[in-house]
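Hi,

Here is the structure I said I would pass on.

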Amino acid sequence: MEPKYKRVLLKISGEALAGEDKTGLNDEMLEKVALQVKELHDLGIETAIVVGGGNFWRGRSSKSMDRATADYMGMLATCINGLALQDAFEAKGIPTRVQTAIEMRQVAEPYIRRRAIHELEKGDVVIFSAGTGNPFFSTDTTAALRAAEIDAEVILLAKKVDAVYDSDPEQNPNAKKFRRLTHQEVLEMGLGVMDASAAALCRDNRIPIHVFGLADTQNVIKAVYGEPIGTIIE
């Protein structure tokens, strides 16, 4: 059986990297992610990653701070996560590049689309950090934008929850799980899978989104083979 996709963009939330710790970085979760990405790499899947920063700071965390300042702080949080993932991947022998939308040449490359595609084609995993480099845009939007730019065939949306629900399953035990949705349904129902600008960008560029839980160590591989886990949005 052949993998369904050749080039994927894996979106990992910062909260997922925190694991049971809720904040910061959890070594066990970094190990889990690294092992799953190694499987993708060994299969020859070209893998790009967008990582969030919510385990350290979210742009909307402060009600008193200037929003742009808070968002820039959130972008820096994604860089911490990107470097942590790079270190975990390289410990497994996976060649990895971190590209940032805000220049910080001492620790990472600046984002350049053609360079990113070249590195993917030669077998490197590319991690996109610092969001889009602009305030008022989430890392969901970054994932949609970068997926469109690099011609990714799918966005693999790895989250703490195992699928898309009509309400928070941690708060509502009767929350309804969706197996399949359209982009338009996500927008019309206001589902929290990703923000509206990201969902619209995926809809307009016909980029499918596969949502699943990161905790199960086989889920990334299952998604790449097209298995119906979590929620598929097309």
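Let me start with T47, which is buried, with a relative accessible area of 1%. (Buried means under 20% relative accessible area, exposed over 50%, partly exposed in between, with a 1.4 Å probe and protein chains only.) T47 belongs to strand 2 (residues 46-51). Helices (H or I, at least four residues) and strands (E, at least two) are DSSP runs, numbered from the N terminus. The T47 side chain reaches the backbone oxygen of I45 at 3.1 Å. Leaving aside residues up to four places away in sequence, T47 touches V8, L40, L120, D124, V125 and V126; contact here means heavy atoms within 4.5 Å.

Before I go on, some housekeeping: this is a predicted model, where local features need pLDDT of at least 70 and side-chain atom pairs count only at pLDDT 80 or more, while totals for chains, interfaces and linings use all residues. Residues are numbered from 1 along each chain as its sequence is written, and side-chain values use heavy atoms, with hydrogens and water left out.

For pairing, DSSP has to find at least two bridges between two strands.

Strand 1 (residues 7-12) is mostly covered, with 6 of its 6 residues buried. R7, L9 and K11 point one way from this strand and V8, L10 and I12 the other way. Strand 1 pairs with strand 2 in the parallel sense over 6 bridges, and L10 has I49 in strand 2 as its bridge partner. The pairing of strand 1 with strand 6 (residues 154-159) is also parallel, over 5 bridges, and there L9 stands opposite I155.

How many aromatic pairs does a search of the whole structure find? The search finds 1. The ring centres of Y111 and F128 are 5.4 Å apart and the planes are at 85°, so the pair is edge-to-face. (Rings of Phe, Tyr and Trp, the last by its six-membered ring, pair if their centres lie within 6.5 Å; planes under 30 degrees apart count as stacked, over 60 as edge-to-face and the rest as tilted.) The pair links distant parts of the chain, 17 residues apart: Y111 is in the loop between strand 4 (109-110) and helix 4 (113-121), and F128 is in strand 5 (residues 125-129). Y111 counts as buried at 18% relative accessibility, and F128 does at 2%.

Last, the cysteines. With a disulfide taken as a pair of cysteine sulfur atoms within 2.5 Å, the count comes to 0. C79 counts as buried at 6% relative accessibility, and C202 at 0%.

Cheers

Definitions and conventions
Polar contact = N/O pair within 3.5 Å; in protein donor to acceptor, adjacent residues only side chain to side chain.
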